[in-house]
Structures are given as C-alpha cells and as structure tokens.
Amino acid sequence: MKPYLTLLIKKNVISLIFYLVFCNTLYASQEKIPELNSKKPLYDETQELVRGNGAEIISVDPHQAEGIPDFRVLLDLFEGLVGINQSGEVVPAIAEKWDNIENKEFIFSIRKSAKWSNGKPITAEDFIYSFRRAIDPNTATPYAFLYKTAQIVNAKAILDGKLAKESLGVSALADNRVKILLENPVPYFTKILAHSVFYPVERHTIEKHGDHWTKPNNFVGNGAFIISNRVPNEKIELTPNPYYWNKKQSQLKRVTYLSLDDQVAEMNRFLSGEIHMTSKVPLEHYQKLKKEQQDTLNTSDRLCTYYYGFNTKKPPFNDGRVRRALSLTIDREIITDKLLGQGQKPSYQFTPSATDNFGLLDIEYSHMTAKQRQKRAQQLLEEAGYGKSNPLTFKLLYNTSENHKKIAIAIQSMWRKSLNVNVMLENQEWKAYLDSRRRGDFDVMRAGWCGLYNEPSAFLTVFSSDSSLNHVGYRNQTFDKLLKTALSTQSPMERSKLYLSAEEQLIKDMPMIPIFQNVTSRLISTRVGGFSPKIVDDNIPSKDLFILSK
C-alpha cells in the first residue's frame, strides 16, 4: 500500500478513502467501480498497462504452455472453472458455484453470462472437449500429469495409453453443469483445478485453424483480454474481450507484455517510464533500488525452489556419491545472504517448509561446518573414483539470465576450490534451454520449480517416475510408493508424515540439489492500482489492475 499512499496523500480525503476501499476488491467481485466527482480524474484516460515479462513466451495455448512468462499471459486470456485470487484463495470463475460431495464428486455450474470472445456461450461440452484434449497423449501437454495428480477417474490409464481419452471421469449433466469424478477423495482438488492445464479452449477454432489458432486474427479465448497483436521476441498486445462475463470490473484498455531477457534493460525501461511493471530486478542493482526506489520496489515470498538437477541417466551422475558430494560443497548461505540478499532462504529440501501440510526436515548435513562438509564430499568423490589424478569434469547448463549466470559462477568457484572439479558453464536462450532439458541433453542444469497449488504434492510429484517434468530421470520405487500412498490418504496428519518420508527419500538420493527458496522482486509504478502487497506467487491478472492519473 505504501507506494500508492505517497501518491494519494496529495489528493483530497474522499479520493483516499475510495482508493483504500477499492484495494479490498476480490477476484470475483462484480461490483462496478464507482466514478469520483472530482475536478481531477483519479484514473488515467488511456488505461494502458505495459508489463515486462522476461523471456519470450512459448505458447498461449493453455495445453502447451510451459513457463512463468506463458502463465502470466494466460491469466489474462483464459479462465477455468475456478481461479486463484492475489491472496491465494480459490474463488469462482467460469463456474459461479459448485457442489462438493465428500471431496470425490464435484458438480460445477457455469455462469449463464460466460461466453467465448467470439460471442458463443461456454458450455459443459467445452470443458469436456478441453479436458480430453489436454490429457490426450497425442497433444503432449507438459502439465497433463496434473489430471493424474488430481486423481480424476481414468486419468492415469489414459496417460499410460491404456484407455481412450473419452473414458476420463468428466461429464455434462446439462449445458451449464459439469461433473468431475475422482478415484479417491482429494481435499485440495479445486486448488489443482485452477491451473491453466484445466482452462477450456474453443473446439471450432482449433479444428478450423489447427496449430495456427493462437495467432491474433484466429484467437478465441474466454478471459478478460484477447490478443490484438504479437511481434515474436518483442511483445504481445492484448485488448479487452467484449464478451468477458466480468468486463465491468476490468478498467484497462490495453495490456502489453514485453519480452526482455535482459533484466538490466528491463529495469532501465521502467526507470525511464516505458514500463509499469518489471518481471524481476537485477541482483547487482537490488540494494541500490532498495534505497532509491522504496515506493516502487516490491519483494514477496514465493512457494518456489531454485535447484540444480542432475542427469541421472548417464555417468557420472548416475552415481549418488557424486551427486551428494556436489551438494555438500555448495555454501547456500553465501548464495542467499551475500550474492542475492533479497530475502531468499537457504534450502536443504525441495518442498518449501511453508507449504501447507508440510514442515522443515532435520537434515544432517545442514548442521555440519564447511570443513566437515568438504571432508565428507572429498571422501565420496574418492570412493566414486575421482581425485587429483582424475578430476570430475562436466557442463552446467542454465538459461540466459544475468542472475543465473552470477549464481553459476559462484557455485563453479565453490566446487573448484573444495573438490578440484572442472565445470564448464553453458548458457542457452529460453526455448533452446527447454529443448535441451526435454531431450536430456545436459549434465547438470539450473532449474526452478514453483508450486502449481499450495500442497506438498505440487512439488513432490515432479520427481515421480512417470512425471513428464522429471527431466533428471529419477526413478525410485520407495519414493513412488510413499507418494502414491500419500495422495490417497485422507488423514491430513498421516498424509503429512508420508510426504515428509518421501522428501527424506528424495534428499537421500539427491537427484537434484535444492539451493534456496525463492522470492520475487519487481518494480511496480506507483500509478498502478489494484496490486496487492501480499501477493501469493506471481498471480497478478491484469484485469485486477488499473492506471492512476499522474
């Protein structure tokens, strides 16, 4: 709230009171924003928002999207049956209400006012088509595993190619009523359902245009905005969807997302007034910005883990001793406190301790001194056959980013000093990096994972043997069994114990090195209203925002 108070204190008392009331508006509110009878308007007439979005987006097809840049844009273009507001709460979206029968059967009622951007009504059949498309192995949806995680009837068998997509446990009770059946009760089902992989897509548009359906002239969505223009590797421009069910609540007339890998360039364009919001801030400028941009710098916690993943399918990283040795010799406190200094927390486990129904593991090596860790790491490498006469040599892959580069250089130095390891750094642009990761064309890779919903399974399922996101190739029957049992356990206490045991097994095997729990720091203009300082993760739909007058 502080950035806005600095601006609004200059205005009359009536304006200030109105603004404070407005900021409490929730995601699904349908109340029209009142106009003020003041000589100087509160809102900027243009209502054009410009957002830095980091890397170029991969796809605006909800069933093909892969990274955070994609998900930011999808929040503006589509809505599922339910949504997540800026406080992290599940709220109605295309479904105005739903019935929950023992956490196993869910019946959603679609709003009568819900329409596609071409004016056609959204029906239950649209969701049935979309769910079947997403889970179809031929679609190759990156996040299709969430249908299995949600335990929708027959999802696993369909993904395994044993049943047809038509057998998925979703049906239409009427044109505006969708029933979803689960194999076991899942108390957190609606949290999973808010993910973009459950967004509907318009069948006629896809069948008519094929892979070109997402081009501006062909695009049909159901969110607050539609695509008006796209320049690859530069920008994507959005304008209001005239048929959006809650269009009265959205004030923006245009939203532009800029593709800017260079975080310094993004920061400079913000400081010059070209951008209203950045995606991140450069590490080397954070402390200066903290002093000079107090009203615009925002740092918020995230349920995200920054880690390095090993290619466990090939030597030398098919040897757990090598993996554990490298993990032991990363000084996480230096990374978080000295190099980053934005509030990140050193992490010795993959699932953040703040995740619902979880906690902090007591991991032995987190209590060891640096010398103790180094000694143990050297022993492990020697046992694996590496030493002065046969130094370990490999490549560390990261996607292009000054922040990732600084972390990689620091860890490269730690490994060289502690273990005499030769590490060659390799950076690739985002799309090339994703391709390398999918193909398994790496030795060690930089990665990050943010919970798709607030529950331990959102993290642990990444490393299940059949996960499409298990790029490190980790396979462990004990881990899989613990996770499977946890997902079907109804007692929160018992489920938590199983999750913790699965995490312990994961850390014991060390197919990846958890490094720190992340935060997001961004610059936000004081002219941007509707932004919550208590934002959860990166969930900032543009329809919640508006531009204040200068």
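This is a predicted model: local features need pLDDT of at least 70, side-chain atom pairs count only at pLDDT 80 or more; totals for chains, interfaces and linings use all residues.

Residues are numbered from 1 along each chain as its sequence is written, and side-chain values use heavy atoms, with hydrogens and water left out.

Q: How are α11 and α13 oriented to each other, roughly parallel or roughly antiparallel?
A: Helix α11 (residues 320–328) and helix α13 (residues 370–383) have axes that come within 8 Å and cross at roughly 160 degrees. Axes here are lines fitted to C-alpha atoms over the stretch in contact, with angles from 0 to 180 degrees between N-to-C directions, and helices are DSSP runs (H or I, at least four residues) numbered from the N terminus. Angles over 145 degrees count as roughly antiparallel, so α11 and α13 are roughly antiparallel.

Q: Which residues of α11 meet α13?
A: Contact means heavy atoms within 4.5 Å. On the α13 side, the partners include Arg 373, Leu 380 and Glu 383. From α11 come Arg 321, Val 322, Arg 324, Ala 325 and Leu 328.

Q: What area do domain 2 and domain 3 bury between them?
A: Domain 2 is 79–202 and domain 3 is 303–520, with bounds from an automatic or database domain assignment. Buried area is the accessible area (1.4 Å probe) that two parts lose on being put together, summed over both. Carbon and sulfur atoms carry 57% of it, and the total is about 1,400 Å².

Q: Which three residues supply 38% of the area that domain 2 buries against domain 3?
A: Their share is more than that of any other three residues. They are Phe 145, Tyr 188 and Lys 191.

Conventions: Helices (H or I, at least four residues) and strands (E, at least two) are DSSP runs, numbered from the N terminus. Angles under 35 degrees count as roughly parallel, over 145 as roughly antiparallel, 65 to 115 as roughly perpendicular and the rest as oblique.
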